[in-house]
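The report that follows describes selected parts of one protein structure, going from single residues to the elements around them. Please read it alongside the sequence and the coordinates.

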Amino acid sequence: MAAAEDTAVRGQATSNVSALRFDDIRLLRTNYLRGPNVWTYRPVLEVWLDLGRLEDFPSNTIEGFTERLTGLLPALIEHHCGVGERGGFIQRLTEGTWAGHVMEHVVIELLNLAGMPTGFGQTRSTSQHGVYRMVFRARDEQVARAALAEGHRLLMAAINNDPFTATDVQRAVAAVKAKVEDCYLGPSTAAIVGAATDRGIPHMRLNSGNLVQLGYGASQQRIWTAETDYTSAIAESIASDKELTKSLLASCGVPVPEGQVVESAEEAWDAADSIGLPVAVKPSDANHGRGVSLELTTREEVMDAFAVAEPEGSDVMVERFVRGYEHRLLVVGGQVVAAARGEVITVTGDGQSTVAALIDKQLNSDPRRGAEEEFPLDLIDLPTDAKLQLELLRQKLDGNSVPEAGRVVTIQRNGNLGVDCTDQVHPEVAHAAVLAARIVGLDIAGIDMVAQDIGRPLAAQGGAIVEVNAGPGLLMHLKPAVGSPRPVGRAICDHLFPDAEGDGAVGRIPVIGVAGSRGTSVLARLVAWLVGLGGHHTGLACRDGLFLERRRVDARDSAHWEAAHRLLVNRAVQAVVIENGAETILRDGLAYDRCEVGIVTDLDGAESLAEFDIRESDQMVKVLRTQVDVVLAEGTAVLNAADPRVAGLAPLCDGAVILYAVDPRAEALQAHQAAGGKAVLVRQDRVVLANGTSESFLPGLGRLTVWRASHAGVELDGLLAAIAAGWALGIPLNLIGAGVEAFEADLHAALASLQLSQTQPLNEQLA
Ligand SMILES: Nc1ncnc2c1ncn2[C@@H]1O[C@H](COP(=O)(O)OP(=O)(O)O)[C@@H](O)[C@H]1O
Ligand SMILES: [Mg+2]
């Protein structure tokens with residue numbers, strides 16, 4: 001772990017330190033790295049902390065500390081730490097480790113306890129005495145900050161032997177959990193996003209709720225919980241009107257309970273009379289079972305049910321009561337991908353307890369029940385549940401009645417879809433569900449169906465579809481109370497991105513990252529120019545501004561995370577070129593998870609990065625390697641062979657490598673060529689593309705001395721890097737050559753000529 005730990009003298013402190021008090025560990029700076037960074041591919045919270053006097057007191061020198069800490073967080077035993085086995089971290093504690101490293105594990109453990117497990121953490125010393133950089137994986141910034149604050153408090157209490165009880169730990173965990181609930185994705189959305197991640201599809205949250213972009217630019221698909229770009233707004237409106245939905249289904253021969261909309265309790269009873277008893281009464285446009293009353297058989301019940309339904313929606317419906325179990329079928333892209341059956345919830349009297357007490361004892365004590373979203377079942381709250389009160393009334397009971405021993409009391413007839421029954425669905429039933437989704441027009445639909453046995457055709461048993469839901473919840477299929485979870489997130493992801501598995505480019509557009517400091521803006525512009533000629537609507541974020549095609553939409557320095565993010569969100573953009581300085585990588589991380597082409601030009605600029613504890617150019621290798629680490633397996637790293645340290649990044653690349661150098665004698669370049677690699681170099685005053693040792697001139701581009709006379713702004717090595725990138729992207733070579741000739745290196749001239757308005761795109765002129 002921390003370098004300081006390995007070198008410092010162990011156990012140097014006195015034996016009598018238990019009476020010492022330590023000042024708070026100071027958090028100097030916390031930095032949320034939102035993309036791939038010097039630590040890892042994923043977002044992390046990076047914390048710069050000053051241990052103060054604790055720097056001289058590793059864990060083993062603080063009396064009772066290890067026992068206190070493991071007493072509060074017993075699961076620390078599971079942290080392997082560097083040791084690589086269970087108990088590894090405890091071993092580090094007893095041998096002596098520093099407080100920054102301990103803080104890392106405390107925070108990670110709190111995140112685990114809060115249900116957002118995080119596998120990654122690291123702590124490193126800096127060049128400053130007692131100052132460490134501690135990082136941990138953090139899916140969400142707010143959650144990470146909450147875990148840090150709670151962990152910090154807990155750790156200081158354990159160090160100073162201040163009162164901190166198990167209840168305090170619970171409170172800390174609850175605080176982190178509350179942040180997860182508030183800030184992180186809901187379970188349905190998280191399941192879809194998780195499936196996308198499994199398929200290598202990037203995601204970006206577009207609001208603080210569940211609106212998420214999967215994929216980049218023009219290749220993206222959006223989801224909002226279980227609604228997608230394909231979910232028709234008309235279909236959604238139809239689904240929210242039960243009467244309209246039923247009439248459309250009925251007209252296509254899908255079985256639905258006959259019924260009608262009524263205006264008054266009187267009319268409700270008249271309707272029930274003509275439909276035939278028993279009936280169901282419900283609001284026409286509510287959800288979650290609100291205001292639904294079932295199996296009503298008397299005038300009084302029907303009229304009471306009307307009063308329960310009326311305030312919940314715009315209209316009240318009376319319909320035939322369908323016998324059987326409640327079912328929910330999830331249809332995705334024309335297929336039933338999961339089905340769940342509801343249970344009728346009952347309590348059994350003991351001759352002593354009231355109904356209210358029985359509910360608490362027999363139902364609310366179930367660990368699957370809870371108020372938060374993560375629980376598959378809700379808590380039952382009799383005083384606020386009018387429907388339940390009515391259900392009891394019909395059984396001639398209320399909350400205070402004491403049912404005799406053995407009497408079964410119905411508490412809830414619906415809303416408890418806990419039993420997975422996907423494998424039992426009869427093909428004809430599945431067909432009806434798929435048809436219903438199609439009639440309404442939904443790509444993803446939750447079909448509410450009542451049937452005695454989902455394994456038999458509906459007609460034979462009088463089963464029917466009672467409702468079609470847009471944006472259905474997925475939790476019942478992800479965490480069924482009985483049966484196995486169904487991969488519904490994956491089904492939705494595959495529906496949005498139907499491409500064959502193993503295709504790494506699903507949901508992606510070409511992303512070209514440029515890292516370095518020397519001439520990188522012009523280089524980025526030249527690459528964007530070439531990509532544009534290649535026929536892509538191209539976005540560019542560089543120090544010269546933010547560009548869409550050749551239009552500059554922002555003139556400010558745009559070599560930073562937000563600008564790049566803006567491009568990746570843009571649906572019009574088919575390719576993006578993004579310039580990344582070292583500072584961007586250190587402060588924010590990269591804006592993209594992976595790229596098609598990663599260019600590294602040089603390792604300059606260390607002198608301005610003291611803030612990040614970077615003092616010499618050798619340290620820059622670790623920073624700029626990030627650009628190479630993220631190259632896709634089917635992508636290419638373009639590296640400057642003039643600096644052997646840059647060329648030395650080649651083995652880190654998952655994809656191909658093209659080296660470039662003005663001087664063909666550059667050692668790294670020659671070695672690469674000899675090994676059959678691709679290179680771009682200069683011979684006889686012309687640009688040469690090398691495939692191993694076989695070389696050819698770039699067509700369409702003449703002598704470089706001539707070219708340079710009119711392109712003063714572009715350095716020769718930048719030119720080679722851009723050509724290499726164009727080659728890597730498969731842009732036709734003569735288009736690259738001609739494009740380089742036509743490029744306006746002078747930004748102002750380029751913008752001016754744009755204003756003169758070229759009506760014909762250049763790629764057409766060149767064709
Ligand atoms: N006509 C009916 N016959 C039998 N059960 C019904 C009927 N209508 C609704 N239900 C039951 O009540 C549940 C809730 O009704 P539903 O119309 O789906 O309302 P919500 O929009 O509140 O979910 C259904 O899932 C079903 O179990
Ligand atoms: Mg329903």
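Leucine 393 belongs to helix 13, which spans residues 386-394. The model is a predicted one, and every value given here is computed from it. Because its relative accessibility is 52%, and exposed means over 50%, leucine 393 counts as exposed. Although leucine 393 and glutamate 301 are 92 residues apart along the chain, their C-alpha atoms are separated by 9.3 Å.

Other residues of helix 13 are buried, namely Leu388, Leu390, Glu391, Leu392 and Arg394. The elements that cover these buried residues of helix 13 include strand 11 (293-296) and helix 11 (299-309), together with helix 12 (355-364) and strand 16 (408-412). After helix 13 comes lysine 396, which has a positive phi, near 60°.

## Strand 12 and its partners

Strand 12 covers residues 316-320 and is mostly covered, with four of its five residues buried. Strand 9 (residues 259-262) runs antiparallel to strand 12 and is joined to it by four bridges, and within this pairing glutamine 260 stands opposite valine 318 of strand 12. Strand 10 (residues 279-283) likewise runs antiparallel to strand 12, here with five bridges, and lysine 282 has methionine 317 of strand 12 as its bridge partner.

An open sheet is built from 11 strands in the order 23-22-21-24-20-25-26-27-28-29-30, and its pairing is mixed. At its edges are strand 23 (551-554) and strand 30 (694-697), each of which pairs on one side only. From one strand to the next, the twist averages 20°.

Strand 21 (residues 538-542) pairs with strand 22 (residues 545-548) in the antiparallel sense, over four bridges, and alanine 541 stands opposite leucine 546 in strand 22. Helix 25 (residues 716-728) lies across strand 25 (595-600), strand 26 (631-640), strand 27 (656-661), strand 28 (678-683) and strand 29 (686-691), and its direction is at about 145° to strand 28.

Helix 21 (residues 620-629) is mostly covered, since seven of its 10 residues are buried. These buried residues of helix 21 are Met620, Val623, Leu624, Thr626, Gln627, Val628 and Asp629. Among the elements that cover them are strand 20 (511-515), strand 24 (575-580) and helix 20 (582-587), as well as strand 25 and strand 26.

Glycine 655 is found in the loop between helix 22 (644-647) and strand 27. The C-alpha atoms of glycine 655 and aspartate 629 are separated by 9.6 Å, the two residues being 26 residues apart along the chain. Leaving out residues up to four places away in sequence, glycine 655 touches Val631, Leu632, Ala633 and Gly635.

Threonine 189 sits in helix 7 (residues 187-198). Setting aside its neighbours within four places in sequence, threonine 189 is in contact with Asn210, Val212, Ile223 and Thr225.

| Residue | Relative accessibility | Class |
|---|---|---|
| Threonine 189 | 0% | buried |
| Glycine 655 | 21% | partly exposed |
| Leucine 393 | 52% | exposed |

## Cavities

How many cavities of 30 Å³ or more does the structure hold? There are two cavities of 30 Å³ or more, and the largest cavity has a volume of about 50 Å³. The residues lining the largest cavity are Leu111, Met116, Pro117, Thr118, Arg137, Ala138, Arg139, Asp140, Val143 and Ala144.

Conventions. Residues numbered from 1 in each chain as written. Chains lettered and ligands numbered in written order. Predicted model: local features only at pLDDT ≥ 70, side-chain atom pairs only at ≥ 80, totals over all residues. Heavy atoms only, no water. Pairing = 2+ DSSP bridges. Helix = DSSP H or I, 4+ residues; strand = E, 2+ residues; numbered from the N terminus. Axes fitted to C-alpha atoms, helices over the stretch in contact; angles between N-to-C directions. Contact = heavy atoms within 4.5 Å. Buried < 20%, exposed > 50% of the residue type's maximum accessible area, 1.4 Å probe, protein only. 1 Å grid on protein atoms, 1.4 Å probe; cavity = no way out; pocket = protein on both sides within 12 Å on 5 of 7 lines; lining within 4 Å. Points joined across faces, edges and corners; volume = space filled by probe spheres on them.
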